[in-house]
Amino acid sequence: MSLDRDLPYQSMSLLAKQYGDVYRLTIISREIVVVSSHKLVNEVSDERRFRKMVAGGLANVRLVTGDGLFTAHVPDEETWYIAHRILMPAFNPAAVQGMYGDMMDIISQLVLKWERYGPEYVIDPVADFTRVTLDAIALCSMNYRLNSFYSEELHPFTTALSDFLDQCMSRASSLGIVNAIKVKAQVQFEEDQRVIKNFVDKVLEERKAHPVDKNDLLNLMLNGVDKETGKKLPEQTIKHNLVTFLLAGHSTTSGMLTFAMYHLIKNPETIRKLREEIDDKIGDRVVSIKDVNKLPYLLAVMRETLRLTPSVPQRGTSPINVTTLADGKYTIPQGMTIVVNVSAAHRDPLVWGDDADEFRPERMMDGKFEALPANAWQPFGYGMRGCIGRVFAWQEVQLILIVLLQKFDFVFHDPSYDLHIKQVFSIKPVGLRIHAIPRARKPRLLAVPSSALLHDAGISKDHLQAGDENTSAKTQLYVLYGSNTGSSEAFAQRVASAAASHGFRASIGTLDSATSHVPEDGPVVIFTASYEGKPTDNAAQFIEWLTSLKGNEMSKTYQRIPKLCDALLAERGAERLAPRGEGDAASGDFFESFDAWEAQLWDALSKKYQTATTDITTSGLSVEIVDSGTTRAKILRQADATIGTVVENRILTAPGAPVKRHIEFELPEHMTYRAGDYLAIIPINPARDVRRVLARFGLSAEQEIVVSSTGPTSLPTNKAVSLFTLLSGYVELAQPATKRDLGVLANAAATEASRKSVNDYAEIYAEQVFGRRLSVLDLLEEYPDIKLPLNTFLSMLPSMRIRQYSISSSPLWNPQHATLTVSVIESPALSGKTEPFLGVASNYLAGLRSGDKVQLAVRASNAKFHPPPDPTVPLVMFCAGSGLAPMRGFLQERAMQKEAGREVAKSLLFFGCRSPNEDFLYSESDIKAWIGLGVVDVRPAFSRLSQSSVECKYVQDIYLSRAWQDRADIKAAYDAGCKFYVCGSGKVATGVKAVLIALIKENHPDLDDTGIEELFHQITSDRYATDIFE
């Protein structure tokens, strides 16, 4: 594995996962030792044997910080001791409390900005927390106002400092000759140093010319005398420390604040508990200095933030003399650089448990923090070189978080955002954007797309807004949605778009944007999905708030979240205007269920609010052709950091077998993943189907249209777009028609025969329409006399949905690359057409070639669906076909660990396919190699050649399955502490569960069926994870 120059600490953590908690690493010609466990971090924190090493990028920082407190060479530079003794009194708790007024001054500027810009403003928290922390340290330490909130651009000093630090780290990993020939970079590097030094010179000269009667850090350094030596600080050392305070005083603290904001928004229960603590103990009054360190849950949140995401994730140390590590196992020469991987040690399961990767502030409460072993929590360094300003930062962060949570609710701009990190001097999130919604407000909804991929696809922001401002409708209707893949969002848009036709003025937004502020001046319609019993990314805060109002113990996963919303809103006094609708995305009547429920909804709302219904066939959508098609349009798509590159795309199966492909992607910069995660993509319709639409409507692929809408729509509005682009990427063309669609088509039929035939379809819908997957386009081709306008056709089509595929690789193989193992759907059309049915996403992926650019994003899987951190825990995996994908990632990770010399348990893989010669995926490459390594024992089940798999055709099928055949091995693995994983269709998952229950029953004949089921859930609660797809 190569070391990622942009994220060395993450590369080192992956190497630790592969090679263990101590290893030697050669960077260019320099050897270093990396330690990553608490035990070793504790050992190298012995100041009698080790001292801080200022090397690598930190050595370059000395160009502006010299003998400052952070970068001084100790014990060689006496000025460090002098400065430390003079400045220590300024950082004691009483002195820092005296800085409260200046801190609140700057915090109020941040709050004012966010209040004035409003909830629609997209906040870059890294930039604004940089402003607030830099301004605060400048004002508190040297009485200097940077006034960063009075300009859109960062202060020139801030920009120069950021660029300088970036270059320091970059140059540390390059040869000197390489740095020398980068002339432009060298000129900028020198210019950044000049800006930094000139700024400090200016501050110092102003203080000398205009002294202030304030006991700040600058006065202490100018006037202080070291009691031990009688010496004052040299002017150059004062300058070095001024830069040090500005650098260290803002960079790490702004990182901590940004990470805290991420963790709070990502964990709705945590932010609710913290807000309740603040509301209970402080309320609406202005936070005072007496409140600092008095909120235990806030302190726990801060400690957990620094544990999971320490701003400085690694530090350097070195042995004072030749020494050994790990109870004498390794000899370390004097002066050898040891990189202390604090971030990895903070996740050591021996200290923090199996949930060390999870954000859980409760682990820091009720005496648990104080009971931690020595040096288990080290975000501020340790010993005499530990951060001198930790009390300052600790107070500042408390004040900022308290004020912000008093004033605002927060949501992600991209609800599916997962943490991506950039490392320079410290680490900070990349691409994190949020909205701050004032708490004291009338309801104001935010309708951001369910995924950033929908932004990246070029979808106009117009589709997010409320209905046509010119509509005569007076009655307000609120439509809220919780959606990850876009289905619920599409239903919400459909209702909001139709609202004007039913006499309502619609506003649409995510459920999270209505947290604590459910509108009360009009009916509220809620669409939300339920993923394994959990809310969607953009509904999690709302559900947590709603649940907290009254406890609820609903345990089932199916429809849990919709049922929860319905029940709890009713219990809290909401009037149910229409019955709750229910649809299963995996069933045949998903869209039919929606149609039936929508009809009930409008009937109930019209009666309740006495509104009139007008023609609804176009859903308020109009289309104008603006180009004859003689000039090819230049299609502009929004450039973004979610563009991946195809590296390889190859077929895995034999000719004649259903095609399965292995596709490798180079991920966008800063994007990371774990084995078991998903890759989300937004596909493009097959060109064949787009041409079918154009032919049916007599249009050219190069014609441009302008779409306008009276309500929310996922189509690009109010700008010219080519028909081919719109039909390719914005709508689902192959989705089966709904009963509502049939009604529209029947009304548009020119002949009675066609009208009757279409209406007959509605009577046998499940069998003849959904069962045959007849789309609106199929029906238009079958009945050429149906004269349907293009705008009506477009309004009938669902918006393009995101597809998620399990990643089939491990970051230990390559953290910048991820692979997919995909079944390509090309089968005889159930509709009876001569052309085959083409799966939209799989055929899009199949058509990609090396070098192609793809819009993609990593999505975290179920928290349980990852290999355990301890490689000695065996895995028992069940899958069929492309369900092998995540299991391949798990086994690749185990193989990398085994090859690195770590102890790895042998796992069991039950894999179902047709035959060993057709589709036994990776059997002659990876699987064969991993069997040879002793990483896995594979138990195949061949449905078409069962004699080659001990007469077992399938992985599941109770009593006839390969799993049942080898149940003794499964029980042995269970006794050895294994974890179970299932990936495949619902049929596979149900079958595997039945086998395991039968196995339990065989070993517990005294239990009845209820007892067996309870025992199954009990023994698999933390050891059984599924990833089900249809």
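A: A residue counts as buried when its relative accessible area is under 20%, as exposed when that area is over 50%, and as partly exposed in between. The model is predicted.

By that cut-off, 12 of the 12 residues of helix H19 are buried, so H19 is largely enclosed by the rest of the structure. Among the buried residues are Glu489 and Arg494, along with Phe491 and Val495. Helix H19 covers residues 487-498 and reaches 17 Å from its first C-alpha to its last, close to the 16 Å expected.

The sheet is an open one of 5 strands, in the order S1-S2-S7-S4-S3, with mixed pairing. Its edge strands, S1 (22-27) and S3 (50-52), each pair on one side only. From one strand to the next, the twist averages 35°. Inside the sheet, S2 (residues 30-35) and S7 (residues 337-341) pair in the parallel sense over 4 bridges, and Val34 has Val339 in S7 as its bridge partner. Helix H1 (residues 8-19) lies across S1, S2, S4 and S7, and runs at about 135° to S1.

Now the salt bridges: a search of the whole structure finds 61 of them. One of these joins the side chains of Lys273 and Glu362, at 3.0 Å from N to O. This pair links distant parts of the chain, with Lys273 in helix H13 (residues 268-281) and Glu362 in the loop between helices H16 and H17, 89 residues apart. Lys273 has 26% relative accessibility, so it counts as partly exposed. Glu362 has a relative accessible area of 24% and is therefore partly exposed.

A second salt bridge is between Glu304 and Arg307, whose closest N and O atoms are 2.8 Å apart. Both residues lie in helix H14 (residues 296-308), 3 residues apart, about one turn of the helix. An α-helix has 3.6 residues a turn, so residues three or four places apart point the same way. Glu304 and Arg307 are both buried.

Arg939 and Asp966 form another salt bridge, with 3.0 Å between the closest N and O atoms. Here too the pair links distant parts of the chain: Arg939 is in strand S28 (residues 936-942), and Asp966 is in the loop between helices H33 and H34, 27 residues apart. The relative accessible area of Arg939 is 10%, so Arg939 is buried. Asp966 has 10% relative accessibility and therefore counts as buried.

Finally, salt bridges that share partners join Asp201, Glu205, Lys208, Glu235 and Lys239 into one network.

Terms used. Residues are numbered from 1 along each chain as its sequence is written. This is a predicted model: local features need pLDDT of at least 70, side-chain atom pairs count only at pLDDT 80 or more; totals for chains, interfaces and linings use all residues. Side-chain values use heavy atoms; hydrogens and water are left out. Helices (H or I, at least four residues) and strands (E, at least two) are DSSP runs, numbered from the N terminus. The expected span of a helix is 1.5 Å times one less than its number of residues. Buried means under 20% relative accessible area, exposed over 50%, partly exposed in between (1.4 Å probe, protein chains only). Two strands pair if DSSP finds at least two bridges between them. Axes are lines fitted to C-alpha atoms, for helices over the stretch in contact, and angles run from 0 to 180 degrees between N-to-C directions. Contact means heavy atoms within 4.5 Å. A salt bridge is a side-chain nitrogen of Lys or Arg within 4 Å of a carboxyl oxygen of Asp or Glu.
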